[in-house]
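Subject: Structure handover

Dear colleague,

Please find the structure below. My notes on it follow.

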Amino acid sequence: MILEELWISCMLGAGLICLAANARSVGGLEETARPVHGVQRHLLLAPKPGNPRNSEGDLLELDADSWLLVWTAFSDGTGGDHDPASLCSMRFDRRAGTWSKPRTVVAPRDGMNVMSVTLRRLPDRRIALFYLRKRSLVDCQPMVRFSSDEGLSWSEPVAIVPEDDVGYDVLNNDRVLLTGSGGLLVPVARHAGSGMTPAFNPAARLRCYHSSDGGSSWTCGEWAPEVPGVVLQEPGLVLATDGSLLMYARTNAGTQYLARSSDGGRSFQPPRPWSLRSPLSPASIHRLEDGRLLGVWNEPPESVDASRAPRTPLVAAVSSDDGATWGKRHPLFQHGDGWYCYVSIDQVGERLLLTTCAGDRRTGNGLETLVVVELPLDHLKASTPHEIPALQP
């Protein structure tokens with residue numbers, strides 16, 4: 001989807017919200033759109049010459065008046081997952097309603113690229129920046145850097161997977177879990193390396209890495225049991241109310257799968273089909289401050305075979321029973337030829353900050369544009385969602 005030529009249609013709770021994609025452009029970046037019904041599109045990073053894709057980002061609130069955004073900015077090729085890309089950052093000033101100029105945070109030193117960002121505020125107030133360093137189809141390492149000056153500078157990287165066990169280990173954006181005791185849990189999907197076939201395999205093996213010293217050192221858990229005939233990929237984590245750890249993953253079976261751990265992610269029970277119908281697309285799950293779970297994922301109509309569905313619509317729902325059941329689905333984005341995925345979720349008081357990749361499969365790979373949206377939690381409490389008309393050029 002060439003988003004400069006489209007209206008982005010969002011249905012959040014009680015009404016149709018149309019956010020015009022004609023915001024004032026500065027240096028190729030779209031500035032803040034005006035609020036509509038309490039929803040605000042703060043940024044639309046569309047592709048342009050020399051920058052074919054902007055995707056997989058995460059936000060962090062620095063203080064009451066500013067946010068930090070870090071995302072994957074592709075610089076060559078068609079914006080495919082293995083094309084050249086760096087991590088770039090911008091800051092948003094809420095008082096002025098403006099973004100700073102983008103700056104490169106991490107550039108690839110060798111191999112393919114760096115991508116897929118998670119930002120976390122650690123108990124000692126440092127910021128942790130997690131990402132993937134991708135050198136080849138058998139060498140993709142989760143890394144972490146730290147900042148003690150609110151993201152102005154970053155430490156040298158710490159490898160989460162040791163060099164003597166390097167494989168192709170995928171860590172999605174906004175996936176790292178900070179536990180109540182200050183520990184860090186990193187879910188990874190291994191597609192090549194020890195424990196796998198020598199070449200890249202779409203069906204991954206899942207496990208967690210754990211740090212109890214603020215990310216200085218890491219230990220890995222056991223492999224989660226494999227599921228014969230089911231492709232497992234791109235895991236995420238959430239702490240259950242009973243203290244166990246839930247690991248969810250996208251699959252080719254028309255639903256997300258869920259595995260439970262009773263020992264903090266060191267081992268997992270066999271993954272089982274979960275309550276989220278979806279195509280082979282990642283879900284994002286966030287524990288809200290009121291204790292409920294917020295899920296954002298692609299859920300097709302009941303009449304559609306989910307395993308063959310596109311990554312649209314992007315819906316949100318809340319659960320009061322750790323994901324056993326979910327409330328009313330509230331469509332966020334929908335277009336017949338669109339893709340919406342790789343969502344990051346942050347709660348700031350009674351509002352949500354979301355980033356998502358967006359695109360049109362007719363004109364690109366579906367991941368080329370990053371959108372930043374803010375909305376009130378009240379929108380997800382409405383009892384009746386509404387249909388969204390398809391985007392029109």
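Which residues lie nearest the centre of the largest pocket? They are Arg120, His286, Arg287, Ile345 and Asp346, out of a lining of 27 residues. A pocket here is an open set of points on a 1 Å grid over the protein atoms alone, where a 1.4 Å probe fits, with protein on both sides within 12 Å along at least five of seven lines; lining residues have an atom within 4 Å of a point. The space in this pocket is about 750 Å³, the volume being that filled by probe spheres set on the points, which are joined across faces, edges and corners. Strands E6 (53–63), E11 (113–121), E16 (177–178), E20, E24 (284–287) and E28 (338–348) each give two or more residues to the lining.

Two remarks on how to read the values. The model is predicted, so local features need pLDDT of at least 70 and side-chain atom pairs count only at pLDDT 80 or more, while totals for chains, interfaces and linings use all residues. Residues are numbered from 1 along each chain as its sequence is written, and side-chain values use heavy atoms, with hydrogens and water left out.

Overall

Of its 393 residues, 59% are buried, meaning under 20% relative accessible area with a 1.4 Å probe and protein chains only. The accessible surface is about 15400 Å² (Shrake-Rupley method, 1.4 Å probe), and carbon and sulfur atoms hold 52% of that surface. Among contacts (heavy atoms within 4.5 Å) with a separation of 6 or more, 52% are between residues 24 or more positions apart.

Strand E17

Strand E17 (residues 184–192) is largely enclosed by the rest of the structure, because 9 of its 9 residues are buried. Pairing is taken from DSSP and needs at least two bridges between the strands. E17 pairs antiparallel with strand E15 (residues 168–170) over 3 bridges, where valine 170 is opposite alanine 189. With strand E18 (residues 205–211), E17 forms 7 bridges, also antiparallel; serine 211 in E18 is the bridge partner of leucine 184. Leucine 184 also stands opposite leucine 178, and E16 and E17 are joined by 2 antiparallel bridges. The hairpin of E16 and E17 has 5 residues between the strands, and glycine 182 in this hairpin has a positive phi near 90 degrees.

Two open sheets

E21 (residues 245–251) and E22 (residues 255–261) share 5 antiparallel bridges, and leucine 245 is opposite serine 261 in E22.

The other open sheet of 4 strands has the order E24-E25-E26-E27, again with antiparallel pairing. E24 and E27 (330–333) are the edges, and each has a single partner strand, so one side of each has no neighbour in the sheet. Here the twist averages 25 degrees from one strand to the next. E24 and E25 (residues 293–298) run antiparallel and are joined by 4 bridges. Isoleucine 285 has glycine 295 in E25 as its bridge partner, and histidine 286 is opposite leucine 294 in E25. Histidine 286 is also one of the residues nearest the centre of the largest pocket. In the E24 and E25 hairpin, which has 5 residues between the strands, glycine 291 has a positive phi near 95 degrees.

Leucine 354

Leucine 354 is in strand E29 (residues 351–360). Its relative accessibility is 9%, which means that leucine 354 counts as buried. Leaving aside residues up to four places away in sequence, leucine 354 touches Leu332, Val343, Ser344, Ile345, Val371, Val372, Val373 and Leu375. Of these, Ile345 is one of the residues nearest the centre of the largest pocket. Glutamate 374 is 20 residues from leucine 354 in sequence, and the C-alpha atoms of the two are 6.3 Å apart.

Regards

Definitions and conventions. Buried < 20%, exposed > 50% of the residue type's maximum accessible area, 1.4 Å probe, protein only. Axes fitted to C-alpha atoms, helices over the stretch in contact; angles between N-to-C directions.
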